[in-house]
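Here are my notes on the model you sent over. Have it open next to you while you read, and click through the residues as they come up.

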Amino acid sequence: MEFDFERQPGKQKNTSRIRKQPASEIWMTVITPYYNAGKYFEQTFWSVISQTFPWFEWLIVDDGSDREEDIAVLERFAAMDARIRVIRQKNSGLAAARNTGFFHAAAEIVVPLDADDLLAPQYLEYTFFGLYFHKDAAWCYTDTVGFGQQQYLWRYPWNTRKEKKNNFLTATAAIRRQAFQAVGGYPCRRGHYFEDWCFWLALLAKRQYPVHVKGFLFWYRRRRDGMLSGIYAQTHQERISKRMVLWAAKKADGTVRAVEYPVQKSMEPYYKMRAIQMCQESKEWDGCQICRDETKIRILMLLPWLVMGGADRLNLELVSGLDKERFSCSILTTVPSEHEWQHYFEEHTDEIFHLPDFLDPAHYAEYVSYYIRTRKIQVLFVSNSYRGYYMLPFLRKQFPKLCIIDYVHMEEWYWRAGGFARLSGIFAGILDKTYVCSSAAKRVLVSHFEREPESVEVCYIGVDEKRFDPAKVKKGMLYQKLGISKKRPIILFPCRICAQKRPFLMLEIAEHVCRRIPEAVFVVAGEGPQRAELEREIKKRRMGRQVYCIGQSAHLEECYQDAGVTLICSLREGLSLTAYESCAMGTPVVSSDVGGQSDLIDASCGILVPMCQEEARDFDHRKYEKQEVLGYVKAIEKLLRHQAYYKRCSENCRKKIEEGFTIRMMLEYMERELVWLVRDDGMAKRREKRCERLRQLGGLAEEIYRVQMTEEERGSGGAAAMEILGKVCERWMPVGSRRREAAVRVYGKLKR
């Protein structure tokens with residue numbers, strides 16, 4: 001997905017983060033030179049005030065501003081937040097103003113920020129922890145967005161030799177004050193020069209090294225009248241600036257290495273987890289002012305990533321749909337990703353942190369603990385995060401009042417002996433409740449992983465029946481896009497084009513259907529790793545007039561509106577989002593009889609086809625049983641040729657959704673559950689009891705995550721962690737209990 005340069009920090013006025021009292025603890029200082037800079041300062045102001053990390057002061061050095069309107073702008077905004085201090089001096093230039101800011105800074109970590117540049121909300125938090133876990137690093141920087149007169153994304157891996165020749169760093173970074181002092185600050189010269197470049201080279205001369213965290217968190221405003229443009233516009237000044245750089249580059253050490261995130265493997269595999277030391281040093285930390293609204297239930301979602309898919313659709317619906325007056329949501333992700341759906345989540349919360357982008361895996365659990373404490377989180381929601389599950393014993397041990405729940409979409413026998421369903425079974429003694437997307441998933445948890453039936457609840461994801469409403473969607477848009485006759489029936493195949501969805505089985509089905517119904521058209525709507533290969537195969541089979549790949553559609557409801565049938569032939573599903581959407585649009589579904597599809601699809605609204613392929617086979621197996629292929633072909637033909645039957649199915653599709661499968665129903669159910677889980681005295685006592693039992697086990701809770709993380713990175717799949725878990729269960733669970741016997745069996749199989 002293309003980067004949206006219009007989503008600039010500071011455009012929204014986040015008044016909830018304004019502070020009327022100075023920070024109780026100052027861990028960072030932002031310094032901003034200000035010289036007649038009122039034109040863009042309002043946006044810079046809101047970008048700083050909106051930081052998720054509130055323990056900072058902001059020193060604004062007024063470098064002799066002489067325009068009344070610009071002075072008035074500074075005074076107006078400086079008066080709005082108690083963390084701001086204005087220092088006034090005679091006009092001495094950018095370098096001198098920065099030096100003044102460093103001299104007056106109260107914190108040991110200082111962030112220079114020009115008066116027209118911007119910080120994403122997470123900037124201070126990412127860079128602070130980048131330095132917190134690397135005590136010897138001199139500075140921490142992020143990737144850069146160029147905006148304004150030029151637009152670009154600036155992300156380059158650290159290279160000391162290149163830095164000596166071309167500056168790929170900006171002036172804005174989190175810098176240790178002692179490193180600044182070691183090089184004597186920014187050299188003060190008359191006129192502008194490459195101040196920041198010379199400064200970085202001076203640090204390299206002292207063999208100081210940086211931390212590079214991932215994320216486009218710094219926004220650099222490109223202006224025709226900017227300082228950089230001014231240097232290049234004056235030949236004499238450019239010559240002096242280059243001479244200064246050459247002199248500094250000669251002294252710089254070209255062998256200095258940086259810490260680059262995300263790390264390939266943990267640098268501290270057996271790191272000793274503890275409470276983050278700042279929490280111990282400051283009494284105010286526990287009672288911080290990040291969350292001042294005590295009326296809301298605060299939910300932390302521990303997820304793998306923010307990408308396109310049914311699982312992420314549920315997460316997005318929760319973040320966007322839960323009553324904002326009663327609930328607030330934060331998100332931490334645990335798997336490296338580009339998070340193509342992040343912009344959807346950002347519309348509802350800026351509390352989004354990608355742990356691999358600024359933390360070593362060894363530090364995840366400690367950071368999550370800090371986050372729960374500082375945001376006063378009441379509910380931890382885990383879904384599809386492998387490392388998230390292994391943090392649970394450590395977190396339960398620390399937080400006796402924390403409610404911990406998970407959501408399981410399906411079992412996956414081909415992956416780690418059951419996938420996340422297995423993990424939900426393993427950590428049943430820590431979880432308050434498990435929610436699943438279908439009755440089939442609940443049966444698996446109860447029968448295979450010995451979960452108590454009352455601890456697992458079915459919560460259908462549902463669909464937005466107002467968006468997917470055939471009465472509101474114009475007909476013929478897909479036909480118009482394809483340029484084909486409306487007399488041709490469309491079979492829609494909407495999915496991520498990957499092995500699990502079996503796109504090459506769809507192609508086999510299409511060949512047979514088109515022989516029986518020559519005018520039929522198959523439309524593949526979606527992206528995925530197998531799209532290019534699928535398109536080559538379509539061309540090879542000369543089916544370009546029968547099968548069209550249209551890519552990801554932002555208006556999928558228009559596709560369902562024109563489709564006669566939706567085809568789902570997946571190898572695995574929970575209860576697919578496309579089945580919900582298709583039924584809401586009144587489009588019958590032909591689906592493989594897998595997972596929880598039967599909860600929604602039956603003879604009244606579509607046809608389920610028995611699956612012949614065994615799951616134990618190669619996941620991308622492409623030799624399909626003729627019986628299964630013909631099963632889909634006959635189902636599609638039946639729906640398209642029998643108008644009365646088709647009409648009945650179409651009406652029932654919409655009716656079933658309205659009666660029990662809407663997002664509104666899901667949200668209302670989850671809101672009731674969350675309130676009950678947090679406020680029920682019986683649940684609270686159970687949590688405290690489990691916490692006390694874990695504390696009696698000494699350091700085992702921490703060791704479970706530590707060993708799993710280490711074994712996972714070594715490629716052993718966490719066998720050692722499983723052994724520890726087995727011992728914990730043997731000691732924790734009562735002898736002869738159903739859960740203990742089940743756990744012992746599961747661990748025994750895994751070890752074998």
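This is a predicted model: local features need pLDDT of at least 70, side-chain atom pairs count only at pLDDT 80 or more; totals for chains, interfaces and linings use all residues.

**Notes on the model**

1. Let's start with helix H14: twelve of its twelve residues are buried, so H14 is largely enclosed by the rest of the structure. Buried here means under 20% relative accessible area, with exposed being over 50% and partly exposed in between (1.4 Å probe, protein chains only). Helices (H or I, at least four residues) and strands (E, at least two) are DSSP runs, numbered from the N terminus.

2. Residues are numbered from 1 along each chain as its sequence is written, and side-chain values use heavy atoms, with hydrogens and water left out.

3. Back to H14, which covers residues 364-375 and reaches 16 Å from its first C-alpha to its last, close to the 16 Å expected at 1.5 Å a residue. The expected span is 1.5 Å times one less than the number of residues in the helix. Just after H14, Lys376 takes a positive phi of about 55 degrees.

4. Next, strand E14 (residues 379-382). Val379 and Phe381 point one way, Leu380 and Val382 point the other way, and all are buried. In a regular strand the side chains alternate between the two faces of the sheet. E14 runs parallel to strand E11 (residues 297-303), and four bridges join them; E14 also pairs in the parallel sense with strand E15 (residues 403-408), over four bridges. Two strands count as paired if DSSP finds at least two bridges between them.

5. Which residues have the most contacts inside the largest nonpolar core? They are Met28, Phe41, Phe129, Trp139 and Tyr367, in a core of 131 residues. A second, separate core of 65 residues includes Tyr407, Leu492, Ile568 and Tyr580. A nonpolar core is a set of buried Ala, Val, Leu, Ile, Met, Phe, Trp, Tyr and Cys residues joined through side-chain atoms within 4.5 Å.

6. On to the aromatics. Rings of Phe, Tyr and Trp (its six-membered ring) pair if their centres lie within 6.5 Å; planes under 30 degrees apart count as stacked, over 60 as edge-to-face and the rest as tilted. By this rule the count comes to 52 aromatic pairs. One of them is Phe133 with Tyr271, edge-to-face at 6.4 Å centre to centre and 75 degrees between the planes. Phe133 lies in the loop between helix H4 (123-132) and strand E6 (139-148), and Tyr271 in the loop between E10 and H10, so the pair ties together parts that are 138 residues apart in sequence. Both Phe133 and Tyr271 are buried.

7. Two charges over rings are worth a look. The charged end of Lys135 sits over the ring of Tyr132, 3.9 Å from its centre, and Arg622 lies over the face of Phe504, at 3.8 Å from the ring centre. The rule asks for NZ of Lys or CZ of Arg within 6 Å of the ring centre and within 35 degrees of the ring normal.

8. Most residues other than glycine have a negative phi, and most peptide bonds are trans. Asn36 has a positive phi, near 50 degrees, and sits in the loop between strand E1 (28-34) and helix H1 (38-49). At 12% relative accessibility, Asn36 counts as buried. Glu450 has a phi near 55 degrees and is buried too, at 14%. The peptide bond from Tyr261 to Pro262 is cis, with Pro262 in the loop between strand E10 (259-260) and helix H10 (277-281).

9. Last, the cysteines: a search of the whole structure finds zero disulfides (a disulfide being a pair of cysteine sulfur atoms within 2.5 Å). Cys329 is buried at 12% relative accessibility, whereas Cys612 is partly exposed at 26%.
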